[in-house]
Structure formats: structure tokens, C-alpha cells
Amino acid sequence: MTGSPHSNDRPMVDGDGMRHHDRALVLHPSFKTGPRSVYSGGRSPESRLEEAAGLARAIDLNVIAAEIIRINEPKPATLLGSGGVERLGALIAEQEIAVVVIDAAITPIQQRNLERAWKTKVIDRTGLILEIFGERARTSEGQLQVELAALSYQRSRLVRSWTHLERQRGGFGFLGGPGESQLEIDRRLIDERIIRNKRDLEDVKRTRGLHRKARRRVPYPVVALVGYTNAGKSTLFNRLSGSGVLAADLLFATLDPTMRRITLPDGHEIILSDTVGFISDLPTELVAAFRATLEEVLEADLLLHVRDASHPEAEGQKADVEAVLASLGLGEMLGERMIEVLNKIDRIEPEAREALLEQAKRHPAVAISAISGEGCDQLIAIIEAKLRNTRQPAAYRLAHDQGAATAWLYEHGEVLERRDQEGHSELTVRLSPEDTERFERRFGVAAIHDADEEAKRDHG
Amino acid sequence: MAEVAVPTREEIVALLQAVLDGTTSRTAAAEWASEVQEEIEELDHDAVEPKMWHLLRLAASLDVKSGDAYLHDEATIRDWIEGRG
């Protein structure tokens, strides 16, 4: 990731000198002062280290050792003090470590100096997450989004002594003008690839624009699963849809959105949508690249925020997810459309479990085990109730010359019944509260029930 | 109010069958269904029965993808053809 932009379509793991099953050392720097995570509020270093090791395993690195390194004052040149660099250097040599993962943002200079001192590959948290996304992306759009994020990351990390990109690119080296420094050439080459990538992404999105339009027209409500990575979203997706989506105990097992049409016990059909999980310190480059995908998911009629209730940092993970949603400008909009799902209760000791079930009753949440199915019936009942509440049926009497209003109802609602009579039609339609308000305001009509009530009041 | 050519159920079923047979692509079928919907919305909505409207909306989502696959598989399209949509 921190090497050159690659000439092939997949700029990830293999091109950077990192290989699957490489022996890896994972380090979590715990700073006494200085850099702090934006989202990690209150997380323990142990938990952060465990998560970082999980991320490394997610791309099949062979984690030989993992440790927390206490840093009083980050060194601009090497992050760690010289004693720490030396001690870890000995460990790296002895254990034949091929990759060192540093669970923090490190500067390009720090990275270069550590790689020289340890004679091994060094990668930071953002680089690692980008590697994982690069591995997981299956659709062409997903791959382009990850590549764009990776290029933006690389561009921000160019330093003067970097590898000469144009040589790796296999070109003739005459593209740079006289006097153009290597840094400028490198930057220009990345910029050219970014422009090309954005153009390709636009082409893909143009095609997908039709999909999005069509999806909006799918005559079923969409219920989307969101949550921290490895919270059990895919397991729940499989439980509810009866399908075999990959549900691995793995960070970021799902990247490209997956959807299934399912029939609820009340007979209504919905589209269930599974998507990428969130994580603390999600690289800004990735949030930007995946923004459109995330926003599309969040346009769903209902969101299930799936949480790993058994995780010691469950509250921190919740805060991380809410922070990402807020960064997308969606935090406050989601209140009524969100159901909190406390998953993995099968992993909780009986006493703590009772307390959690009590808490779930007080706090609007539902406790489940997607693995055993416990609580899933209750979750389904809540989904049904929420969807009923969000889309109440109402009847409108419209004159035959009110074609625009009739068309609007067909476009925005689910027409359940239509009775044509002389001079007018009566339509029973299921609409969201927002659409009900918009419709009545725009066309100056009221639901028949309300109108009848008014008439009764007017006539005493 | 201008006239709009509202497709019959038979026409939509023929389109769905063509998708199953591979003689029409999902994208082409979905585009056609979307365009027809738009025309109907603009011109004469009263001409379409709710069940037909529902079928048209389903047809317009023929090309919606789920990961690498399509949201609506072939068995689902057969269900629509047989009136179980």
C-alpha cells in the first residue's frame, strides 16, 4: 500500500511485497500524550490491540506476536524511542517477521525509517484496512472505490525519497518535463491515475444509476443491516433470509451490498440488505470513496443496528458506528427508522444476560442470538410493527380530473385498493408519514376518514 | 388527457419470458418498464390497474444487483409470470 501505485487493476496486497501467511508483528502504540483516535473514546489498549491483530488475520497474515507499546512522546523520525526500535528490531530478526503492523497513523518518514531500521515491511492502520477492503471488493464499483481510496492515501504519503514511479510503470521516462522533480513526477502519475479511476467510476455509476432508480421502484420496503464489523450482520441476514451469504467470524467479511427479498409472517414482502461493517478510525479516504454506497444503504425504510452485545467494548463500538453515521450527516435522521439489535446473547453469562434482557426492555432494543435464533421472532414482530407504523394505509377520494394527485400516489405509495365511481375514484394507499404530509399539503386533500370527521363536526 | 399505450399483462409476461429465454437482457427489459412507468405517470395514470402497476414496477427492477448476482432470480421471475408476484 505504501509503495508505488500499481499498473494492474488490483493495487492491493500482492503488489506491495506483502504475502498471505507472512509472519507478522502487530503493535498498538498507547500514547500518553499526542495523537488520539477520533472515534476510539475510552477504548482500552488491550481491546485495540486485539482488534488490530484481528484485522491482520483478516488478510491471512500469520500473527506471530502482538504487543502494546507505551509511548510517552512520539518521535518524529521513528515514532518509538531508539531503545524501543532496537528491542523490537531484535525480536523481528529473531522471529523472522516479514510485516510489522502499527495500529496508528504513522508519517511516511516514520514508516521509511522503521522499514530501514527493521529491514522489514511496515504498514499502518489505514494501510491495513485499505488492504482488507481491496481483498474483499468483488464488484467493479467496489474495486474502483477501494483503488481510489488507496491512491488518495498514497498521494498524501509521497516523500522525496520515494521509489521512482515512472520506472516501475515501465514507461520510457520522458514524460516529465525538464527540471520536474521526482516528487512532482510521482504526484503527477498518481493524479493521472486518480483522474482515470474517477472516470471509470463515473461510467460504472452511470450504469448503476439505472439500478438505483429501479431499486427505488422495487415495490417493497428495504430493511438494511448496519453495525460494527463482525457484529454478526451476515449471520442475522442468513437467519432472516434463509440464504447462504458468507458469514465468517472475520472482520469485513462483507463488503459489497447483498440483498434478498423475504416474506414476513404477516405476508408483507421486504428487501433485506446486508452491507459493509464499520470500524473505529475508518480511513477518511474510504468513507469518501464509499459515501454513495453507504448513503444508498441508509436510504432504507428501516435500519437494524446490529451490535455484538457480548463484546467488552460494545458501547465504544456503538459510538463508532454512530460517529460514522453522523459523519455522513445521517445521525439525527435515523431515530425513528432505527432498531437496535443486541446480538450474540448466547455468548453472555446467564446473570449478565438477564440484566441485558431487562435493559433491552427499558431501552428500545431487542436482544437476540442470530446463531441460535433466540429473540429473532420478536425482532421480526418489531420489524413488522415498525413498517406498519411507518406506512399507514389511508383512503383518498379524488376527482377524475385530479390525475396528477392520482399519479403521485402511485409513484410514492403502495395502492392497495381502487374503486372507480361516477366523477371520482377512491384509493386506499399505504404511505410513509412524510409522504402523507407532502401529498396532503401539495394537493390540498385530506384522507376520507379525516374528511368525514370534519364533516360530522361541521354539521354538529 | 393524452393517450398512453398501456402494456397488457400478456405483453409484460412476454417480456419476462424473453428475459428468461435470454432473448432480451435484464437491463433492456428494466429500462423499457421504467420508461413505460414514466410515461404513464406523466400522461394518464388512471389507465393502469394496481396489480399491473405492481408488475411493471417489478419488471423495472429486473436489473437490480445484489453483490455479483441479481436480486430477482429466475425462479422469482417465473413466479411473476404465473401471477405470484
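Two residues are taken to be in contact if their C-beta atoms, placed from the backbone, lie within 7 Å. By that criterion, 70% of the contacts in chain B between residues at least 6 apart in sequence join residues at least 24 apart. The structure is a predicted model, in which local features need pLDDT of at least 70 and side-chain atom pairs count only at pLDDT 80 or more, while totals for chains, interfaces and linings use all residues. Residues are numbered from 1 along each chain as its sequence is written, and chains are lettered from A and ligands numbered from 1 in the order in which they are written.

**Nonpolar cores**

- A nonpolar core is a set of buried Ala, Val, Leu, Ile, Met, Phe, Trp, Tyr and Cys residues joined through C-beta atoms within 7 Å; a residue is buried if 20 or more other C-beta atoms lie within 10 Å of its own, exposed if 12 or fewer, and partly exposed in between.
- The largest such core has 83 residues, and A:A56, A:V100 and A:V101 have the most contacts inside it.
- Helix 5 of chain A (residues 140-155) supplies the largest share of this core, seven residues; helices (H or I, at least four residues) and strands (E, at least two) are DSSP runs, numbered from the N terminus.
- A second, separate core has 28 residues, including A:A447, B:A29, B:L58 and B:A60.
- Apart from neighbours within four places in sequence, A:V100 is in contact with A:L25, A:L27, A:I92, A:W118, A:T120 and A:V122.

**Strand pairing around strand 1 of chain A**

- Two strands pair if DSSP finds at least two bridges between them.
- Strand 1 (residues 23-31) and strand 2 (residues 62-71) of chain A pair in the parallel sense over nine bridges, and A:L27 stands opposite A:E67 in strand 2 of chain A.
- Strand 1 of chain A also runs parallel to strand 3 (residues 99-102) of chain A, to which four bridges join it; here A:V26 stands opposite A:V101.

**The six-stranded sheet of chain A**

- This open sheet has the strand order 6-7-5-8-9-10 with mixed pairing.
- Strand 6 (258-263) and strand 10 (365-367) of chain A are the edge strands, each pairing on one side only.
- Strand 9 (residues 338-343) and strand 10 of chain A pair in the parallel sense over three bridges, with A:E340 opposite A:A365.
- Helix 11 (residues 314-327) of chain A lies across strand 5 and strand 8 of chain A, at about 150° to strand 8 of chain A; axes are lines fitted to C-alpha atoms, for helices over the stretch in contact, and angles run from 0 to 180 degrees between N-to-C directions.

**A:Q378**

- A:Q378 is found in helix 13 (residues 376-390) of chain A.
- A:Q378 counts as partly exposed because it has 13 C-beta neighbours inside 10 Å.

**Chain B**

- Chain B has four helices and two strands, following the pattern α-α-α-β-β-α along the sequence.
- Of its 85 residues, 32% count as buried.
- Helix 1 (residues 9-21) and helix 4 (residues 74-81) of chain B pack at an angle of about 160°, with their axes 10 Å apart.
- Helix 1 of chain B is therefore roughly antiparallel to helix 4 of chain B, a term for angles over 145 degrees.
- B:V13, B:L16, B:Q17, B:V19 and B:L20 in helix 1 of chain B meet B:E74, B:I77, B:W80 and B:I81 in helix 4 of chain B.

Key:
Parallel < 35°, antiparallel > 145°, perpendicular 65-115°, else oblique.
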